[in-house]
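Here is a walk through one predicted model. It takes helix packing, domains, sheets and backbone geometry in turn.

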Amino acid sequence: MHSIKDVLQPIEQARGLPSHLYVDDTATAEERERVFFSTWSAITHGKNAPDPGSVMPVDFLGMPLLVVRNKQGEIKVFENVCRHRGMRLVDAPGKLKGPITCPYHAWAYDLDGALKATPHVGGANIHHHDNIDPSEMGLNEVRSHVWRDVVFVNINENAEPFEVVHQELLARWQEFDQPLYHGGDDSGFTLKLNSNWKLAIDNYCESYHLPFVHPDLNTYSRLEDHYNIVGNSGFAGQGTLVYNPSLSDDGRSFPNFSGLDQKWDQAAEYIALFPNVLLGVHRDHAFSIVIEPNGHGETVEHIEIYYPTEDCLTADYADMRAKNAELWHVVFEEDIGVVEGMYEGRKAKRYDGGKFSPVMEEPTYKFHYWIAEKMLASEAAE
Ligand code: FES
Ligand SMILES: [Fe+2]
């Protein structure tokens, strides 16, 4: 039997991650701690808590979290639990006019998590008690960071700051560090896959499958027009040199992000950010996909598409936004069959992690490598 260590070889000798990491409950529970909770993992998009007062509960691998947009417009993430007797605070997304009020005994917290009211806690009509110090009973805040509208959390609080962990990608895409305008209702969709989340990332990282899985896409964005992207620190993927959108019949096109290098006239890049975000950038739009694992055998992809200017959100562009979303919908749907098929394959007893093409699959190999490092590093630390 091969082991996780076999992943940590040069690509020519390496095997993929052992199958139990895809189909075993114990391994999935370990992965939650060692991978997801020990680094910056994505939980949702900021657009889901759009305004001051917006609240969005998120079940993150069984952990109840609450995403809140405070009065200053910043995103905060808290444990979605009342500090009194542990009632879940918010059970549906919405926009609050007042504080976050617990449905049990009505303790109330402001949008920054401070406990502001404890009605009748000292007896009828006595709203305080010496034994209960509100300054010590605020909501438990979870370390969070928002980048490209993706909300990241570091549950174990042991990661370096997001800007440090991902400095290489931040530098690579610095040009795209500008406001993003979500395209509206038809610019977001979800796909549910009967597969392990890691296989969705594996597939996204490589363009090798293009001619076989995306024959239409391959007619205008061919295999040979792609290049590999392999970061040293937690990002990998592929780029194309022939991005040339045609979303209208009358010559209209979206405005571009401002000040981009000439390279982006034709190029576009698709990067998986470790562990669970898929990103795409083009001169006229960007998307991000938050990958939500639901046990080892179900994965939900939350896809959101963004544009460079507010203008792009007007009715003038409605047909083009819809068409763009539909194009991506088709491409990501085409991938489902192989991502699900690889999951089924991992139930075969003798499959040994396979081999990577040293030419075509270095980005996918890297993703396996980073998972293996995390699984082994935490083991050593125990
Ligand atoms: S549990 Fe929330 S107020 Fe009692
Ligand atoms: Fe694909």
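Start with two helices. Helix α5 (residues 197–205) and helix α8 (residues 318–345) have axes that come within 9 Å and cross at roughly 130 degrees. That angle makes α5 oblique to α8. Angles under 35 degrees count as roughly parallel, over 145 as roughly antiparallel, 65 to 115 as roughly perpendicular and the rest as oblique. The axes are lines fitted to C-alpha atoms, for helices over the stretch in contact, and angles run from 0 to 180 degrees between N-to-C directions. Helices (H or I, at least four residues) and strands (E, at least two) are DSSP runs, numbered from the N terminus.

Which residues meet? From α5 come Leu199, Ala200 and Asn203; from α8 come Asp335, Val338, Val339, Met342 and Tyr343. Contact here means C-beta atoms, placed from the backbone, within 7 Å. By class, this α5–α8 contact holds six nonpolar, one polar and one charged residues. Ala, Val, Leu, Ile, Met, Phe, Trp, Tyr, Cys and Pro count as nonpolar, Asp, Glu, Lys and Arg as charged, and the others, Gly among them, as polar.

A word on conventions. Residues are numbered from 1 along each chain as its sequence is written, while chains are lettered from A and ligands numbered from 1 in the order in which they are written. In this predicted model, local features need pLDDT of at least 70 and side-chain atom pairs count only at pLDDT 80 or more, whereas totals for chains, interfaces and linings use all residues.

Now the domains. The protein chain splits into domain 1 (4–37 + 169–381) and domain 2 (49–144). These bounds come from an automatic or database domain assignment. Taken over C-alpha atoms, the centres of domain 1 and domain 2 are 35 Å apart.

Next, the sheets. An open sheet of five strands runs in the order β5-β2-β3-β4-β9, with antiparallel pairing. Strands pair if DSSP finds at least two bridges between them. β5 (94–95) and β9 (141–142) are the edges, each with a single partner strand, so one side of each has no neighbour in the sheet. Inside this order, β2 (residues 54–60) and β3 (residues 63–69) pair over six bridges, in the antiparallel sense. Valine 55 has valine 68 in β3 as its bridge partner.

Another open sheet has three strands, in the order β1-β11-β10, again antiparallel. Its twist averages 30 degrees from one strand to the next. Four antiparallel bridges link β1 and β11 (residues 150–153). Serine 41 stands opposite valine 153 in β11.

β14 (residues 226–230) and β15 (residues 235–240) form an antiparallel pair over five bridges. Asparagine 228 has glutamine 238 in β15 as its bridge partner. Their hairpin has four residues between the strands, and glycine 234 there takes a positive phi near 75 degrees.

Finally, look at the backbone. Most residues other than glycine have a negative phi, and most peptide bonds are trans. Alanine 106, not a glycine, has a positive phi of about 65 degrees. Alanine 106 lies in the loop between β6 (100–101) and β7 (108–109). Phenylalanine 274 and proline 275 are joined by a cis peptide bond, with omega about 0 degrees. Proline 275 sits in the loop between β16 (268–273) and β17 (277–281).

Methods
Two residues are in contact if their C-beta atoms, placed from the backbone, lie within 7 Å.
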